[in-house]
Each structure stands twice: as C-alpha cells, then as structure tokens.
Amino acid sequence: MPGGVSGNLRYFAPYPLYMAQGSGCTTVDVDGNEYIDCFCCNGPLLLGHRPNALSTVADKIEAAGALLVNPTLMIECAEALKRVIPCAEQVRFLNSGTEAVMTAVRCARAFTGKDNVVKFYGHYHGQDDQFLLGLSPTRAAFGAGVPNAHFANTLTLPFNNIAAFEKLMREREDIACVILDPAMHSGGLWGASKDFLIAVRDATRKAGVVLIFDEVITGFRMGLGGAQEYYGVTPDMTTLAKALAAGEKLGAVVGSADIMAVFDPLAPASPRAFQSGTANDGSGALTAALGAITEYERLAAEGRYQLLWWQVEQFDTALREIAEAASIPLTTNRLCSMMQLFHSRRPGSFESYSGLNNAVLELFYLALINEGVLLSLPTSNHIYFSFAHDEGAFATILQAVTAALEKYPFQAAFAEIIQ
C-alpha cells in the first residue's frame with residue numbers, strides 16, 4: 001500500500017499507528033497500547049467506538065441480509081432524516097460525502113439549467129476534481145493530478161464576506177448553486193457568521209440559485225438538526241455522511257421536493273439527472289444510521305449536546321491555561337464538539353493562519369500519543385470529542401498535556417518558530 005495506508009491523511013512521520021480495536025472513547029493499537037481517542041476517525045464517531053445504540057439494531061441486518069433492492073430500511077431511514085433535518089423533504093442515499101456533494105451539485109445544475117458553482121476559500125467538499133481548489137486563500141489545486149480545466153465552472157470567494165458575495169451575485173446570472181461548510185472546518189474551524197448565512201440565503205433565494213450546506217462534518221455534530229438548526233438558516237439542499245451512520249459507509253443528499261424532483265422518473269415537466277449506485281442502500285449502513293439517529297434524538301431530548309459543548313469549553317479553557325503557564329502562545333478554535341490548535345501570536349484569521357509552520361505542533365501531537373492520548377493525527381489538527389468522552393477522559397487528556405510539556409523541550413521549540 002502506498003505509504004502503508006489507505007488514505008493520505010492516515011500517514012504521519014515517523015510512522016503511522018495501526019489500530020486493532022476501539023470501545024467508547026478509547027482505541028487500542030496492534031501492540032496493545034491504549035489511547036483516549038479525540039480524532040474519532042476524522043469525525044464520524046460522535047457516539048464513540050462500538051456504541052450500544054448500534055448493537056440494539058443489529059438484528060435488522062441479520063434479518064435483511066447485506067443488500068436488497070429498495071429495502072424498507074431505506075424508507076425508515078429517510079423518514080428519520082426528514083424528521084430531524086430542517087430542509088429534508090426528500091432523500092437520496094449514497095456511499096460517501098464526496099458522492100453526496102457530486103450528486104447535490106449535479107441536481108442543482110439540472111434544476112437551474114446553469115453550470116457554475118460558488119465555493120469559498122478554506123472549504124473542503126470531498127475528492128471531486130472540481131472542488132479540489134481554494135483550500136488555501138488562493139485557487140491553487142489541492143495536490144497534483146487535477147486538471148485546471150476542471151476548475152472552469154467553480155467560482156471562489158472569501159468566506160463571511162457579505163459584500164464580496166452580493167457583488168458576485170449581482171454580476172453573474174450563470175450560477176447554479178452555492179455550496180459551503182458552515183464550520184469552515186478545513187480552513188481552521190473559523191465557523192460561519194449568522195449574518196453572512198442569512199445574507200447568502202436571501203441572495204440565493206432572490207436569484208433562483210440553489211443553496212447547499214455541506215454538512216458532512218457538521219451534520220448531527222452541531223445539534224440534532226446540524227448547522228442549519230444551530231444557526232437557524234435553512235438551505236435548499238444538504239449533504240450528509242460521517243456521523244450519519246456513526247462510522248458506517250453512508251452518505252445522503254436531502255433537500256426540497258421541487259429540486260430533488262430531477263431524480264424522480266414520475267415528476268412531470270422536469271429535467272432528468274442521473275444518480276444511482278450499487279451499494280447506496282446497504283442494510284448494514286442503513287441500520288447503523290437508524291440506530292444513530294434514534295440515539296441522537298434521545299441525547300438531544302436529554303440536553304446532552306449542551307453538556308458536551310460545555311465540557312469541551314471547560315477543556316479548552318484549561319488547555320490554554322496550561323499552555324500559558326508554560327509560556328507557549330496557543331490559540332484554540334472551538335465550535336460545539338470540535339477543536340483545532342494554532343501556535344501563533346498573530347491575530348487569528350483564516351488568511352493569517354493558513355501558512356503557519358506546524359512542525360512543532362505535530363511533535364506535540366506525537367508527544368501526546370506517547371502519553372496515551374490521540375488528540376489528533378499529527379498531520380491533521382482535527383480534534384473531535386464524542387458523547388463517550390466523560391469528565392475522567394478530559395482530566396486524563398489535560399494530565400497528558402502537562403506531562404508532555406514537562407518531558408519534552410516544547411517551550412524552546414515553539415519559541416524558535418513563533419510567528
């Protein structure tokens with residue numbers, strides 16, 4: 001396997017970890033070392049490893065088998081999504097977030113009869129070539145092998161800039177859709193301004209442009225109804241994956257019935273867009289999603305989302321206090337149960353932090369691995385907490401941070417590259 005891994009994000013120097021099992025908020029590597037897991041496989045494990053909520057519905061897989069044509073599980077899961085996601089009038093299932101984004105954009109193009117898509121700098125929307133640009137403050141491609149021609153219909157703008165967005169909308173009449181990640185996760189977890197989302201919603205509605213929230217990451221993490229519930233702004237379409245099936249392979253596109261009608265063979269006077277896939281409705285993934293959504297509903301009713309966010313806020317404060325006591329300038333970005341760390345004295349922004357030297361921060365994550373804490377993969381800087389993280393777990397992580405700063409010369413190392 002190239003690099004010994006099945007995805008570039010899973011590799012880090014001097015060598016990657018290979019995990020054998022997980023339970024709750026812990027994971028165990030092939031050598032038997034146990035870690036508190038705050039990476040959660042890059043976000044899907046909002047319920048932790050092997051949650052009870054999934055075992056309670058496992059019998060449905062036994063009864064149905066792996067794959068059926070139009071299983072009733074598909075209808076049950078679609079009904080559950082319609083129940084909890086504000087914009088979900090109709091649903092199509094897919095295998096991943098990348099497929100969900102591709103499908104949503106194709107749907108928007110078919111519905112509007114237009115080709116151009118607006119995305120924002122710092123936003124990641126999966127592995128389709130047309131979106132592998134603009135992860136930095138420029139239109140540079142994210143890696144080799146992506147033809148520049150694939151960017152022709154992708155327009156890019158700065159996020160949270162109302163004036164720039166409204167100017168583009170006045171100047172262009174060839175825009176099919178606007179897509180955004182409400183957390184701006186890839187760019188540093190800067191989050192959306194509610195005023196910006198309201199302005200985008202108003203402008204797209206007025207222009208007949210489809211608004212897509214890419215909630216592959218924020219779906220179920222920022223509340224039962226995702227970021228659209230959190231901010232109180234409802235898009236036309238939403239893409240979901242990751243926490244949707246608590247780690248099983250499932251994605252979804254949900255949206256208004258009039259737009260989703262482009263996939264409906266029975267809809268009159270509507271353009272036809274193609275969407276299909278062999279394993280789009282696998283019994284295992286649909287069963288996991290049913291169990292997960294039911295558990296998210298229970299947790300929301302019990303106020304557990306707010307409790308988790310409060311726990312992360314307390315952890316954030318304590319972490320910065322430890323760093324300050326060690327004379328290490330540390331900035332943290334936190335949104336609900338997600339965090340990212342930055343080492344800088346500059347005022348924080350996507351533009352000013354996008355070029356930071358993270359070499360010592362990566363060593364910090366490696367040092368925590370030696371202390372039994374997988375706070376993040378060293379090359380990722382993505383931190384996700386789950387409902388399985390309790391007070392004991394947060395306390396243990398803080399103890400590991402203190403131990404790592406005492407054991408290794410991080411004060412001097414950070415001082416050498418302060419920016």
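The exercises below, each with a worked solution, concern a predicted model.

**Exercise 1. Overall dimensions**

Solution. The secondary structure comes to 14 helices and 14 strands. Along the principal axes, the C-alpha atoms fill a box of roughly 70 × 55 × 45 Å.

**Exercise 2. Burial, contacts and surface**

State what share of the residues is buried, and what share of the contacts with a separation of 6 or more joins residues 24 or more positions apart.

Solution. Buried means under 20% relative accessible area. By this cut-off, 55% of the 419 residues are buried. Of the contacts with a separation of 6 or more, 69% are between residues 24 or more positions apart. The chain exposes about 17900 Å², and carbon and sulfur atoms supply 52% of that area. As for charge, the mean positions of the 29 positive and 42 negative charges are 6 Å apart.

**Exercise 3. Backbone exceptions**

Locate Cys40 and Arg50, and classify each as buried or exposed.

Solution. Most residues other than glycine have a negative phi, and most peptide bonds are trans. Cys40 has phi near 50°, a positive value, and lies in the loop between strand 3 (34-37) and helix 1 (52-55). Arg50 also has a positive phi near 50° and is found in the loop between strand 3 and helix 1. Cys40 has 2% relative accessibility and therefore counts as buried. Exposed means over 50%; Arg50, at 64%, therefore counts as exposed. A further exception is the peptide bond from Ala13 to Pro14, which is cis, with omega near 0°. Pro14 is in the segment before strand 1.

**Exercise 4. Leu68**

Place Leu68 in the secondary structure and give its C-alpha separation from Ala279.

Solution. Leu68 is in the loop between helix 2 (59-64) and helix 3 (72-84). Its relative accessible area is 39%, so Leu68 is partly exposed. Leu68 and Ala279 are 211 residues apart along the chain, yet their C-alpha atoms are separated by 9.2 Å.

Terms used:
Residues are numbered from 1 along each chain as its sequence is written. This is a predicted model: local features need pLDDT of at least 70, side-chain atom pairs count only at pLDDT 80 or more; totals for chains, interfaces and linings use all residues. Side-chain values use heavy atoms; hydrogens and water are left out. Helices (H or I, at least four residues) and strands (E, at least two) are DSSP runs, numbered from the N terminus. Buried means under 20% relative accessible area, exposed over 50%, partly exposed in between (1.4 Å probe, protein chains only). Contact means heavy atoms within 4.5 Å. Accessible areas come from the Shrake-Rupley method with a 1.4 Å probe; for residues, only the protein chains shown count as cover. Lys and Arg count as positive and Asp and Glu as negative; His and the chain ends are not counted. The place of a charge is taken as NZ of Lys, CZ of Arg, CG of Asp or CD of Glu.
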